[in-house]
Amino acid sequence: EPGARDRLLQIISDPNIAYILMMIGLAGLYFELAHPGAIFPGVIGAMSLILAFYSFQTLPVNYAGLLLIALGIILFIVEIKVTSYGLLSVGGLICLGIGSVMLFEDLGLSLKLMTLTVLMIGAFFFFVAGLAFKAYRRKPIAGQEGLVGESGLVRERIDPEGLVDVHGEIWRARAQETLEPGAAIEVVGAEGLMLKVRRREPPDF
């Protein structure tokens, strides 16, 4: 009579369960790569992949299908860094689908389960890629680049260089005109540790 351990390993070795574990693992690791520091998705993803790899040892796995699925994940990751207007994501989804069909040889992998999983994982990848792309495009909020567009005051006469106070921090600054202490300025750029500023005109009412 099989014990609880044998029954658990038998469940994990089911091709449908192994396929779901692999997809959950890939999705978790993808989310961790797209949003470093989330930790929980990465841990769950790693655990699911380890269980899936255990299952693969007991199943006739087609490694060409496995490589296609891995290529699909890589294309989704590259989509975050490269603006392809969705072409890389579409390619990744195609690789994911074809790789899923080829993954197991002569086993009863449910076609409905596979289709539903590919669609759900694909939608998840599109969603996470969109969030990551928006985060990369977001205006910096720290360092010199985050100060562009901010206002401040001249602390030391600028002619053509001097000191300015922006957000309570003292920066060396350069301007194309002479600015006296107390003048309102606006940051228009940065070169290393030097800010480019100009006189900030009072708003018209």
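In this predicted model, the side chains of K196 and E191 meet in a salt bridge, with N and O 3.0 Å apart. K196 is partly exposed, at a relative accessible area of 35%. E191 is also partly exposed, at 43%. This contact belongs to a network. Salt bridges with shared partners join E161, R172, R174, E191 and K196.

The count of salt bridges comes to 10. One of them pairs E177 with R199, the closest N and O atoms lying 3.6 Å apart. E177 sits in the loop between β3 (169-174) and β4 (184-191), whereas R199 belongs to strand β5 (residues 194-199), so the pair ties together parts that are 22 residues apart in sequence. Both ends of this bridge have intermediate accessibility. E177 is partly exposed, with a relative accessible area of 35%. R199 is partly exposed as well, with 33%.

A further salt bridge joins R198 to E186, with a closest N to O distance of 3.5 Å. Here R198 is in strand β5 and E186 in strand β4, so the contact ties together parts 12 residues apart in sequence. R198 has a relative accessible area of 45% and is partly exposed. E186 has 22% relative accessibility; because buried means under 20%, E186 counts as partly exposed.

Five strands close it in the order β1-β2-β3-β5-β4. Their pairing is mixed. From one strand to the next, the twist averages 55 degrees. Strands of a sheet pair through backbone hydrogen bonds, either parallel or antiparallel.

Several of the pairings can be followed in detail. β4 and β5 run antiparallel and are paired over six bridges. Within this pairing, V187 has V197 of β5 as its bridge partner. On another side, β4 is joined to strand β1 (residues 151-156) by three bridges, again in the antiparallel sense. In that pairing, G152 stands opposite I185 of β4. β1 also pairs with strand β2 (residues 161-166), antiparallel and over three bridges. V154 has V164 in β2 as its bridge partner.

The barrel strands follow a series of helices in the sequence. The protein chain has six helices and five strands. Read along the sequence, the pattern is α-α-α-α-α-α-β-β-β-β-β. Of the 205 residues in the chain, 37% are buried.

Among the helices, α2 and helix α3 (residues 40-57) have axes that come within 7 Å. These axes cross at roughly 150 degrees. The two helices are therefore roughly antiparallel to each other. The crossing of α2 past α3 is left-handed.

The whole structure holds three aromatic pairs. In one of them, the ring centres of Y30 and F76 lie 6.4 Å apart, and the ring planes stand at 70 degrees, so the pair is edge-to-face. Y30 lies in helix α2 (residues 15-34) and F76 in helix α4 (residues 63-81). The pair thus links distant parts of the chain, 46 residues apart. Y30 and F76 are both buried.

A second aromatic pair is formed by F31 and F124. Their ring centres are 6.2 Å apart, with 25 degrees between the planes, and the pair is stacked. F31 has a relative accessible area of 22% and is partly exposed. F124 is partly exposed too, at 29% relative accessibility.

Note on methods. Residues are numbered from 1 along each chain as its sequence is written. This is a predicted model: local features need pLDDT of at least 70, side-chain atom pairs count only at pLDDT 80 or more; totals for chains, interfaces and linings use all residues. Side-chain values use heavy atoms; hydrogens and water are left out. Rings of Phe, Tyr and Trp (its six-membered ring) pair if their centres lie within 6.5 Å; planes under 30 degrees apart count as stacked, over 60 as edge-to-face and the rest as tilted. Helices (H or I, at least four residues) and strands (E, at least two) are DSSP runs, numbered from the N terminus. Buried means under 20% relative accessible area, exposed over 50%, partly exposed in between (1.4 Å probe, protein chains only). A salt bridge is a side-chain nitrogen of Lys or Arg within 4 Å of a carboxyl oxygen of Asp or Glu. Two strands pair if DSSP finds at least two bridges between them. Axes are lines fitted to C-alpha atoms, for helices over the stretch in contact, and angles run from 0 to 180 degrees between N-to-C directions. Angles under 35 degrees count as roughly parallel, over 145 as roughly antiparallel, 65 to 115 as roughly perpendicular and the rest as oblique. A crossing is left-handed if the near helix is turned anticlockwise from the far one by less than a right angle, and right-handed if clockwise.
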